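These are my notebook entries on a structure that I had not examined before. I set down what I looked up, in the order in which I looked it up.

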Amino acid sequence: MISKKLIIRTTVVIFMLALCFYFCIEKQNEFTARQIEIVSLAKEIDKLYAQNKKLTYEIEQFENPTKLLQLSQSPTYAHLKHPFVQDVLSMKENLLAHREAQKYNKSKKHTLSVAVGVK
Amino acid sequence: MTRKILIPKIDYDDKKRLAYVQLFLFFLFFLLLIQFYKIQIIEGDMWTKKAEAQHQQTQLEPYVRGSFFSNPYVRTTHPEEPQALVMDVPTFHLYIDPTSIPMQYKKEMILKICELVNCSSDKKAKLIREFHLKSRCRKIWCWLDSDTKEKIQKWWFTYSGEKKIVRNALFFSNDYRRSYPFGSLLGQVLHTVQNEKEPHTMQCYPTGGLEMYFNDYLKGIAGRRIIMRSPRHPLDVGQVVERPKNGADIYLTINHYLQAIAEEELEKGVKKAQAKGGWVVMMDPFSGEIYALAQYPFFDVSLYQKYFNNKSMVEYTKLKPVVDAFEPGSIFKPLTLSICLQANEEMIKQGKKPLFSPTEKVATSNGYFPGRSTPLKDTHMHHYLNMYMGLQKSSNIYLGRILQRVREKLGDEWLRNAYANIYHLGDKTQIEYPAETPGLLPRIGKLHPNGRPEWSLDTPYSLVVGHSVLVNSIQMARCYSIIANGGYDVTPTLVRKIVKKENDKEEVLLDHTNKKIDKIKMLDEKVVKELIKAMKYTTKRGGTAFLADMPGYTKAGKTGTSEKIIDGKYSQQKFISSFIGFTPVKHPRFVLIVVMDEPAVKYVPGVGKNYHGGSCAAPVFKEIAMRALQYLGEPFDDPYNRPVGDPHRDMEKADWMKEVKSLGELYRQWNEN
């Protein structure tokens with residue numbers, strides 16, 4: 001006769017094993033899903049990187065100094081002049097906060113340059 | 001009832017036969033084992049590679065070649081971010097697998113691809129050939145941008161699905177292309193790389209310039225990507241098994257805006273002077289940083305093949321201020337004068353009388369000098385001159401007389417050593433550019449290839465007029481920087497720093513930004529002061545470079561016009577005209593040399609001879625310097641010297657006007673009576 005106790009024990013063991021097996025498969029599926037996701041994300045990142053490069057290039061093209069020089073000579077912008085060094089004030093941004101920050105960590109000086117009196 | 005099974009009796013012969021069969025089978029099995037060992041162990045790698053080659057393809061993953069960045073820090077206020085002068089932009093190459101494409105669809109595919117990539121008729125013929133080759137992989141189009149790639153892909157995915165063609169019969173590979181956002185700006189300095197890359201390493205072939213000089217820094221290492229050949233796996237997806245290593249970025253000393261100003265004004269100047277070409281060098285006299293290095297006609301690097309395939313255009317790809325040497329002419333006079341003044345100091349050190357005084361009246365009507373068969377001549381006859389007038393009028397005879405005293409008292413060797421040690425003439429400046437010419441400073445006791453001595457009795461008098469010596473424009477900018485910065489040595493440079501970026505980490509491979517200026521004194525302060533004083537007269541009334549007199553700022557400089565040597569003789573029709581100077585005088589922001597190559601020989605009313613440095617190069621200096629100082633935010637240091645009609649104009653109060661007037665009066669007293 002098979003004892004009742006043995007049956008219960010066996011059932012628990014089988015259940016536990018099944019549970020472990022289930023979680024193992026679940027984990028595997030999760031990894032596989034991530035792996036698939038990584039490929040598509042990497043592709044997307046590459047695409048964004050390429051787009052960023054292209055846009056940077058286009059912005060740089062737009063900021064071509066030769067073009068800017070031509071623009072500066074056009075009647076619309078002819079009134080604009082480069083400010084003299086003495087007309088540009090450099091003010092410390094958030095001086096107190098900066099001092100506090102300096103006490104704890106030797107961070108870089110944050111300065112804000114403001115041009116005033118542009119002729 | 002039980003049934004008895006009768007087992008036949010095996011006799012000896014049968015046993016023997018069975019043993020043979022067993023042995024044979026065992027032998028066969030042994031052979032199999034040997035073959036297995038041979039295939040799996042001995043030839044394992046080879047077969048693995050063969051198998052992988054059937055299913056996988058290794059593609060090189062391109063690296064990003066380092067970029068060149070401009071220097072925005074020349075402006076002390078509001079510096080911009082460094083701007084890329086060249087950058088690698090992602091592009092794509094289009095490939096086909098002709099064997100996977102059914103014959104009946106090839107024509108249709110060719111037509112569609114031609115339409116999408118805007119293909120010309122001769123390229124179409126090439127495309128047809130590629131489609132009919134027996135190959136698994138043909139590159140049919142290079143350097144496609146991402147928009148065109150997307151268009152092709154969109155069409156292909158639908159088309160291949162409809163016609164049931166394997167999707168990877170058409171695929172793309174990634175690459176980077178050298179792109180120039182500012183067009184031809186700084187073309188000769190940067191140069192470019194060839195379109196074709198080394199197929200096994202994806203390394204570029206530089207055409208020259210900084211691309212070649214810094215190739216070891218700029219180049220990276222290509223990575224590897226494995227892609228599957230199976231139709232189930234589209235070829236554009238694959239695992240990167242080795243990430244590419246990108247090249248290092250180079251931060252130049254060149255400012256893009258100053259460069260644009262220099263190029264624009266140079267182009268205008270060359271066209272106005274009807275010259276063959278011209279060039280400009282702008283250099284910080286304290287740090288040696290080159291802010292602008294322009295040359296006209298320009299070199300559009302994106303069309304490099306057009307330049308290299310045309311003999312007359314190859315010349316435009318050379319950076320003449322660095323690789324070409326020329327006889328400097330009168331811009332050499334301040335150097336000679338500084339050596340004469342230095343000789344005075346030497347005499348004082350030796351406890352002797354100085355050789356001359358800057359205010360001394362020197363007779364300049366006789367141009368005969370020992371060793372010279374022909375006399376030295378001035379453009380105008382002057383009876384008497386002092387040092388300031390000598391430089392103002394660019395007198396060959398005055399300087400010849402002073403130099404005669406120097407060589408008589410101190411000797412030729414002292415003189416030659418002074419040129420070599422103070423100004424490093426005859427030596428390369430070590431600027432970061434390939435094929436720099438060292439120029440030539442005649443050596444005592446050495447012979448030219450034609451057998452004539454390099455240094456003879458008349459050589460010092462040739463040096464007076466800037467002949468018998470060869471310099472490049474960077475050397476000249478360096479010499480004037482030594483004068484402008486108070487007499488200290490300076491080394492020209494084109495590079496601020498080189499930075500390698502990898503995984504968000506920056507490694508500085510070379511840094512010139514924290515470089516302390518070599519405080520090696522080359523000229524005495526007294527000498528520099530006198531020299532600058534004399535050079536200030538040249539841009540004022542009565543000077544040879546009055547066209548360089550820009551309003552609002554003080555300046556000092558010298559014009560030069562030298563005859564070009566054609567077939568071993570000085571040409572009377574081809575000249576190199578130049579102006580070199582610095583501004584503002586007290587604390588110069590830059591030294592600027594403008595050189596015009598073969599300006600038209602003609603007379604311009606109100607200006608003078610077009611080919612004189614004062615007529616064609618000095619106005620270019622004025623325009624570039626004025627716009628550059630405005631960009632740098634430099635305050636006026638000569639506020640009363642304003643253009644005619646300006647309410648602030650007051651020439652009585654303008655800088656150096658009193659001195660110019662009194663020198664003019666003295667000149668008239670000495671020469672008009």
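Entry 1. I looked up Thr58(B) and found that its bridge partner in S6(B) is Ile226(B). The strands concerned, S1(B) and S6(B) (residues 223-228), pair in the antiparallel sense over 6 bridges. I take two strands as paired if DSSP finds at least two bridges between them. Helices (H or I, at least four residues) and strands (E, at least two) are DSSP runs, numbered from the N terminus.

I noted the basis of the entries before going on. This is a predicted model, in which local features need pLDDT of at least 70 and side-chain atom pairs count only at pLDDT 80 or more, while totals for chains, interfaces and linings use all residues. Residues are numbered from 1 along each chain as its sequence is written, chains are lettered from A and ligands numbered from 1 in the order in which they are written, and side-chain values use heavy atoms, with hydrogens and water left out.

Entry 2. I then followed the sheet to which this pair belongs. It is an open sheet of 3 strands in chain B, in the order S1-S6-S7, with antiparallel pairing. Its edge strands are S1 (56-61) and S7 (239-242) of chain B, each of which pairs on one side only. The twist from one strand to the next averages 35°. Which helix lies across S1 and S6 of chain B? I found helix H2 (residues 44-55) of chain B there, running at about 80° to S1(B). Such angles run from 0 to 180 degrees between N-to-C directions, and the axes are lines fitted to C-alpha atoms, for helices over the stretch in contact.

Entry 3. I turned to an open sheet of 5 strands in chain B, whose order is S10-S9-S17-S16-S15 with antiparallel pairing. The edge strands here are S10 (290-296) and S15 (556-566) of chain B, each pairing on one side only. The twist averages 10° from one strand to the next. I recorded 10 bridges in the antiparallel pairing of S15(B) with S16(B) (residues 569-583). Ile565(B) stands opposite Tyr570(B) in S16(B).

I also listed helices that lie across these strands. Helix H18 (residues 525-536) of chain B lies across S15 and S16 of chain B, at about 75° to S15(B). H20(B) lies across S9 (277-283), S16 and S17 (590-597) of chain B, at about 145° to S17(B).

Entry 4. I examined the hairpin of S13(B) and S14(B). Strands S13 (residues 495-502) and S14 (residues 505-511) of chain B pair in the antiparallel sense over 6 bridges. Lys497(B) has Asp511(B) in S14(B) as its bridge partner. The hairpin has 2 residues between the strands, and Asn503(B) takes a positive phi near 50°.

Entry 5. I searched for further backbone exceptions, given that most residues other than glycine have a negative phi, and most peptide bonds are trans. Met202(B) has a positive phi near 60°; Met202(B) is in the loop between helix H6 (187-190) and helix H7 (209-213) of chain B. The peptide bond from Tyr296(B) to Pro297(B) is cis, with omega near 0°, and Pro297(B) lies in the loop between S10 and helix H10 (304-308) of chain B. The bond from Thr583(B) to Pro584(B) is also cis, with omega near -20°. Pro584(B) is in the loop between S16 and S17 of chain B.

Entry 6. I looked up salt bridges, defined as a side-chain nitrogen of Lys or Arg within 4 Å of a carboxyl oxygen of Asp or Glu.

Entry 7. How many residues of chain B are in contact with chain A? I recorded 38, in contact with 27 residues of chain A, where contact means heavy atoms within 4.5 Å. The two chains bury about 2,700 Å² between them, 60% of it on carbon and sulfur atoms. Buried area is the accessible area (1.4 Å probe) that two parts lose on being put together, summed over both. The rule finds 1 salt bridge across this interface: the side chains of Lys54(A) and Asp147(B) meet at 3.1 Å, N to O.
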